[in-house]
Amino acid sequence: MIRDKQNDRDSRESTDKESRFKRAFSSLWRYAVFFLLMSFVVTCCMLLFLEIVSGVRGEELTKEEIELAAKATFLNVILLSLICTVIDGIRRQFMVNRPVKRITSAAEKLMRGDLSVRIEPLKGQPAETGFNEIISYFNKAAEELSGIETLRTDFIANVSHELKTPLAVINNYGTILQQPELSDEKRIEYAKAVTDASRRLSELITNILKLNKLENQEICPAAEEFDLGEQLCECLLAYEEVWERKALEIETDIEDGVMVYADREMLSLVWNNLFSNAFKFTEKGGTVGLSVKAEGDLAVVRVFDTGCGISRETGEHIFEKFYQGDTSHSVKGNGLGLALVKRVIDIVKGEISVESELGKGSVFTVRIGRK
């Protein structure tokens, strides 16, 4: 660690020396440019002046007069070059060096992890310099990074919380199962609790990995044309055991021949999550329904239920990672299913919306382009 800090310090000192050398060289270069420019302008003017004077006097100028005029011209060139260089240096100090220093200083703070850094817009800065535009983009980037960092921190906190819950269940029931006097009935009950907790933990990890791959664009959609109604029926039939156990009524309105051009596997993830939520939050004897229609260039899918419903506040955050309207966790879930759904819908360039009322159920509507 100490060696790394020393290396960083040496690197900064080397960079500062190189920067000072570049600034000195730049100043000399600007002086040389102004010197040549002034030499040309003043020499032309002096020659013209001498020509006019000799014409007025009617005689050639003496050698001494020409030498004196040449010396005065040379001194004028040096003086004017110095004046132009100083004026240009002052202009650059206020119009270029100071803004650049403010921006680089803020960038260094950002690199060190200070995501709260912002740069105030420069006053009196001409628009054509572009510094205020650069500052505006810098502030937007810092704001985005700050938001991402907040999301990352919240994500880690939520993952930790969600992992601890099933692990605690497994640990507690695993300890109880070691008791020799435990009855067979209790042993089966506790073993089932361990199995359920393990399954929940597995689903959580699977969803985290899938969401991470989707967000990092590690899963590339492989579009193909297929019958959307057939796919939805297959996904719905996978939950037959659930609806029979809960004595749910299934309503379907599926239009024939609704073809879409999209990634079949990714869309199955959407339907499975929507059906899973519908069956999970619908009490025994309730209704779960599916509707598929072609509306112009869009395929419109609606998954509805007569479950507990969600509040308006919950509806505004329902597609966020780890957000759960049921804060009591009385209904098992990890708040990642709908985040996965939203990400997939974004990737296939579709739309998803929800309409719900507490105690009456929910309707999720998905719109996907057919071509």
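Helices (H or I, at least four residues) and strands (E, at least two) are taken as DSSP runs and numbered from the N terminus. The structure is a predicted model, in which local features need pLDDT of at least 70, side-chain atom pairs count only at pLDDT 80 or more, and totals for chains, interfaces and linings use all residues. Residues are numbered from 1 along each chain as its sequence is written, and side-chain values use heavy atoms, with hydrogens and water left out.

Asp305 belongs to strand β5, which spans residues 298–305. Asp305 is buried and forms no salt bridge; Lys246, the nearest side chain of opposite charge, lies 9.7 Å away. Here buried means under 20% relative accessible area, exposed over 50%, and partly exposed in between (1.4 Å probe, protein chains only). A salt bridge is a side-chain nitrogen of Lys or Arg within 4 Å of a carboxyl oxygen of Asp or Glu. For charge, Lys and Arg count as positive and Asp and Glu as negative, while His and the chain ends are not counted. The side chain of Asp305 reaches the backbone nitrogen of Gly307 at 2.8 Å. With neighbours within four places in sequence left aside, the residues in contact (heavy atoms within 4.5 Å) with Asp305 are Ala278, Thr282, Thr287, Val288, Lys360, Gly361 and Ser362.

Strand β5 also contains Arg302, which counts as partly exposed because its relative accessibility is 25%. The C-alpha atom of Arg302 is separated by 9.5 Å from that of Val354, 52 residues apart along the chain. Residues up to four places away in sequence not being counted, Arg302 touches Gly289, Leu290, Ser291, Glu295, Val363, Phe364, Thr365 and Arg367.

Helix α9 (residues 337–347) is mostly covered, with eight of its 11 residues buried. Among these are Gly337, Leu338, Val344 and Ile347. Lys342 and Asp346 are both in α9, four residues apart, or about one turn of the helix, and their side chains meet in a salt bridge at 2.9 Å, N to O. Lys342 is partly exposed at 27% relative accessibility, as is Asp346 with a relative accessible area of 36%. After α9 comes Lys349, with a positive phi near 60°.

Six salt bridges are present in the structure. In one, the side chains of Lys186 and Glu189 meet at 3.7 Å, N to O; these residues are three apart in helix α4 (residues 184–215) and so are separated by about one helical turn. Another joins the side chains of Lys360 and Glu357 at 3.5 Å, N to O. Lys360 is exposed, with a relative accessible area of 56%, whereas Glu357 is partly exposed at 44%.

Key. A polar contact is a pair of N or O atoms within 3.5 Å; within protein, one must be able to donate a hydrogen and the other to accept it, and residues adjacent in sequence count only if both atoms are side-chain atoms.
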